[in-house]
Structures are given as C-alpha cells and as structure tokens.
Amino acid sequence: MAVRPIVVWPDSRLREEAKTVETITDEVRSLYKDLWDTMVAYQGIGIASPQIGVAVKMFLIDAMVATGEDGAPPVAFINPEVIATGTETDKSDEGCLSFPGIYVPIERPAEATIRAMGLDCEMFEIAGTELLARAIQHENDHLTGKLMVDFVGPLKKRMIKRKLARESDYEGAEAEG
Ligand code: NI
C-alpha cells in the first residue's frame, strides 16, 4: 500500500477517458489499496483512479458516506454507471482533491442511483441522496474526464487556475487553456 501523489488540475491526465476494468486482478486490488491510502492521507471522502494518474474506471467512497458503516473499508465502484437521477436538484459547495483549497457551488440532481462492480466481482446498486448523491456524481464524472471547473464560467475558471498555480508547486506539463 502506498500514498500516491495527487494529480492537480490543469494536468491533462484528469481529462483522459478511463478504461473499463476487465477482471479483478492483483493489480486492481493494489490500485484499490493505493487509492484508499491516498484518500485517507489527503482526508478525502472520495477519490477516483485518474486522480493518482491511472485511467481506469474505479473510484472509492468513504464507507461512512456510502453505506453508513463506521470504520469499514471504503467502497470500491468499478465500471460504474449512474442509472438514475432524481428530477429535484440541490446546490452545494463541492471540493476535490485535484483542486486543493477550492470550493465551488455546484447544482446537481439531489438523488442518484449507481450500478457498479465490487472488488468481489459482484454487481451492486446504491441509491444516494444529499452528500452520497453528490459524491457518486462527482467521482463518476472523473472517469469521463469531467471536472468541477466545467460547472463554472470562464472568469471563475481563470481565478481558480491562478489560485492553484500560486499555492501549489505544480509546474504543468500539458496544461489546458
Ligand atoms: Ni474530485
């Protein structure tokens, strides 16, 4: 297990389309453990594989948020698909490990149901409201390269970019405009 460096926006790896997990191998289990360690180290409630530079369809959500189980391992969502969202929306501040210190109010459906595969290869469905609905949609977005910053206007986007450039030692390989 290892804490991996977080990929910070505007790193282009956050825009890659994640690949489907074909089967649960030791590599996938090891990725899960690294994501777990990294999420805990950075005090996130969720983390997606592209955030540690691995473009595969898996994200984790803290067990307390996902199932209400205190102290259980984070829930792995592999090859997830959001299969339903409610018609009501909810606007609330969102944060992201790839945007350290940035919080953006984002309007999303207040309810979301997701279907995914677990580390045991079994399919499962979770229906969430409030924080869980938001976490499901936010983490699922990461697997298609969609980010928090896509919900804001160009001015706010520039402000976020400046703030991150100032506060991190990120030097940007292939930064987006
Ligand atoms: Ni995020």
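**A nickel site and the sheet beside it**

The nickel ion takes its protein donors from C96 (SG), H138 (NE2) and H142 (NE2), at 2.0 to 2.2 Å; donors here are N, O and S atoms within 2.8 Å of the metal (3.2 Å for Na, K and Ca), and water is not among the atoms, so sites may look incomplete. Keep in mind that this is a predicted model, where local features need pLDDT of at least 70, side-chain atom pairs count only at pLDDT 80 or more, and totals for chains, interfaces and linings use all residues. Residues are numbered from 1 along each chain as its sequence is written, and side-chain values use heavy atoms, leaving out hydrogens and water.

Along the chain, the donor spacing reads C-x41-H-x3-H. C96 sits in the loop between β4 (89–94) and β5 (104–109) and H138 in helix α3 (residues 130–142), so the pair ties together parts 42 residues apart in sequence. Helices (H or I, at least four residues) and strands (E, at least two) are DSSP runs, numbered from the N terminus. C96 counts as buried at 10% relative accessibility, and H138 is buried at 7%; buried means under 20% relative accessible area, exposed over 50%, partly exposed in between (1.4 Å probe, protein chains only).

Now to the sheet. Five strands form an open, antiparallel sheet in the order β1-β2-β3-β6-β7, where strands pair if DSSP finds at least two bridges between them. β1 (46–48) and β7 (123–129) stand at the edges with a single partner strand each, so one side of each lacks a neighbour in the sheet. β1 pairs with β2 (residues 58–61) over three bridges, in the antiparallel sense, and G46 stands opposite I61 in β2.
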